[in-house]
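Subject: Structure handover and what was found in it

Dear colleague,

I am passing on the structure below, and after it you will find notes on what came out of going through it. Please keep the structure open while you read, so that you can look up each residue when its name comes up.

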Amino acid sequence: MNPAQSVPLRSGEKIAAIGQGTWHFGECPGRRDDEVASIQLGIDLGMTLIDTAEMYGNGAAEVLV
């Protein structure tokens, strides 16, 4: 990972500086294809951090990812 693309944690571990959030993902079945495409594009462009939580769409965002 390029240092300009990472953020150091207190532990010394580095994580990606830019990622994609998934709040509201999986809530509307009509947007599923676009949501999947946006995640795939991010991964294709080198994204390594996807933020999700089981509360996003009652778990639907995690299933989608």
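Predicted model: local features only at pLDDT ≥ 70, side-chain atom pairs only at ≥ 80, totals over all residues.

Glu35 is found in helix H1, and with a relative accessible area of 6% it is buried, because buried means under 20%.

Is His24 buried, exposed or partly exposed? Its relative accessibility is 37%, so His24 counts as partly exposed. Not counting residues up to four places away in sequence, His24 touches Arg31 as well as Glu35. The C-alpha atoms of His24 and Ile39, which are 15 residues apart along the chain, are separated by 13 Å.

In His24, however, phi is near 80°, which is a positive value in a residue other than glycine. Asn58 likewise has a positive phi, of about 55°, although it is not a glycine. You will find Asn58 in the loop between strand S4 (50–51) and helix H2 (60–64), and with a relative accessible area of 77% Asn58 is exposed.

Another residue to look up is Pro8, which lies in strand S1 (residues 6–8) and is exposed, with a relative accessible area of 56%. Which residues does Pro8 contact, leaving aside its neighbours within four places in sequence? They are Glu13 and Lys14. Between the C-alpha atoms of Pro8 and Gly26, which are 18 residues apart along the chain, the separation is 31 Å.

Turning to the whole protein chain, its secondary structure comes to two helices and four strands, and these follow the pattern β-β-β-α-β-α when read along the sequence. The radius of gyration is 13 Å, whereas the globule rule gives 11 Å for 65 residues, so the protein chain is more spread out than a compact globule. Taken along the principal axes, the C-alpha atoms fill a box of roughly 40 × 25 × 15 Å.

Of the 65 residues in the protein chain, 22% are buried, and the chain exposes about 4900 Å², of which carbon and sulfur atoms supply 56%. If you take the contacts between residues at least 6 apart in sequence, 48% of them join residues at least 24 apart. As for charge, the protein chain has 4 positive and 9 negative side chains, and the centres of these two sets lie 9 Å apart.

The mean pLDDT of the protein chain is 89, and 94% of its residues reach 70 or more. Among its elements, H1 has the highest mean pLDDT, at 95, while strand S2 (residues 14–16) has the lowest, at 87.

With best wishes

Key
Residues numbered from 1 in each chain as written. Heavy atoms only, no water. Rg over C-alpha atoms; globule rule 2.2 N^0.38 Å. Buried < 20%, exposed > 50% of the residue type's maximum accessible area, 1.4 Å probe, protein only. Contact = heavy atoms within 4.5 Å. Areas by Shrake-Rupley, 256 points an atom, 1.4 Å probe, with all protein chains shown as cover. Lys, Arg positive; Asp, Glu negative; His and termini not counted. Charge placed at Lys NZ, Arg CZ, Asp CG, Glu CD. pLDDT = per-residue confidence, 0-100.
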